[in-house]
Amino acid sequence: IFNGLLAIVFVAFLIMILSDSIPDIGAFWLIYLTNWALIVETIAMVMLCISTVWAYAKLPDGPSQGKAPLFVRYTVALWYMIQPTSLIVVILYWTLINPLWDLQPVDLLGLWAHLLNWLCLLLSFFAARIPWSFKNFIWGLVFLLTYLGWTLIHFFAQIGTPSGCELYIDPECPIYDAFDWNMPMMTTIITIFALVGYAVLAGLYTAFVRCRQCCFPTPVGEVETKDGPQNIETIENAA
């Protein structure tokens with residue numbers, strides 16, 4: 001039920017955001033990191049809901065000891081991807097895009113995209129009991145490096161932005177004013193700090209696991225390992 005409710009919430013907010021943005025900016029909606037994250041998060045939560053229902057339907061006598069189904073392995077990989085990534089999106093937004101010390105008004109949809117969604121994912125992190133170890137940060141790193149590559153494509157292809165900018169002609173406008181490949185030195189420094197910060201956040205999530213193990217003791221019949229309950233550890237290894 002919990003995973004189903006979260007999936008419904010994520011789908012509903014994504015539909016509302018698309019309905020609010022697409023009529024104004026069209027395909028430009030897809031150039032932003034936040035929106036990439038929203039799409040992946042929504043897909044992951046829907047897949048997690050389906051995997052949970054599948055598990056109850058297909059595994060009535062307990063978890064399989066064999067290799068997890070491919071769909072479940074993809075689900076867990078996406079879940080690993082969105083956890084620390086969602087937090088780094090929040091941090092980047094409130095420090096570079098709309099800094100707290102120069103705060104601009106944010107509506108409900110903006111607040112969902114840049115804070116509330118992460119809080120829901122954090123709740124999922126503590127409730128789902130999917131095992132986590134530091135090595136799982138690689139999935140989010142792939143996501144961030146892919147988006148970094150996209151920013152370079154956007155820059156060299158001179159795609160521009162829907163509203164233009166003050167410093168350049170429209171095709172040369174960066175996706176974000178604070179992340180501008182027209183100033184490669186500063187942008188490279190921001191990239192390095194963001195990647196180092198992501199590694200730190202992955203360590204933070206590893207600490208969250210310790211907290212989760214303290215707050216939610218292992219159910220009877222399961223063995224808690226350093227990465228989580230043994231009965232779902234095979235899913236982690238497969239992912």
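**Figure 1. Accessible surface and overall build of the predicted model.** The protein exposes about 12600 Å², and carbon and sulfur atoms supply 72% of that area (Shrake-Rupley method, 1.4 Å probe; for residues, only the protein chains shown count as cover). This is a predicted model, in which local features need pLDDT of at least 70 and side-chain atom pairs count only at pLDDT 80 or more, while totals for chains, interfaces and linings use all residues. Residues are numbered from 1 along each chain as its sequence is written, and side-chain values use heavy atoms, with hydrogens and water left out. There are seven helices and zero strands (DSSP runs numbered from the N terminus: helices, H or I, at least four residues; strands, E, at least two). Of the 239 residues, 44% count as buried (under 20% relative accessible area, 1.4 Å probe, protein chains only).

**Figure 2. Helix H1, residues 2-25.** The 24 residues of H1 reach 34 Å from first C-alpha to last, close to the expected 34 Å (1.5 Å times one less than the number of residues). At Ser-19, shortly before Pro-23, H1 has a kink of about 25 degrees (the angle between axes fitted to the seven residues ending there and the seven starting there). Buried residues of H1 include Phe-10, Phe-13, Leu-14 and Ile-17. Gly-26 follows H1 and has a positive phi, near 60 degrees.

**Figure 3. Helix H6, residues 184-215, and its cover.** The end C-alpha atoms of H6 are 45 Å apart, which agrees with the 46 Å that its 32 residues should span at 1.5 Å a residue. Among its buried residues are Tyr-198, Tyr-205, Phe-208 and Arg-212. Cover for the buried residues of H6 includes helices H3 (70-97), H4 (108-128) and H5 (137-157).

Definitions and conventions. Buried means under 20% relative accessible area, exposed over 50%, partly exposed in between (1.4 Å probe, protein chains only). Contact means heavy atoms within 4.5 Å.
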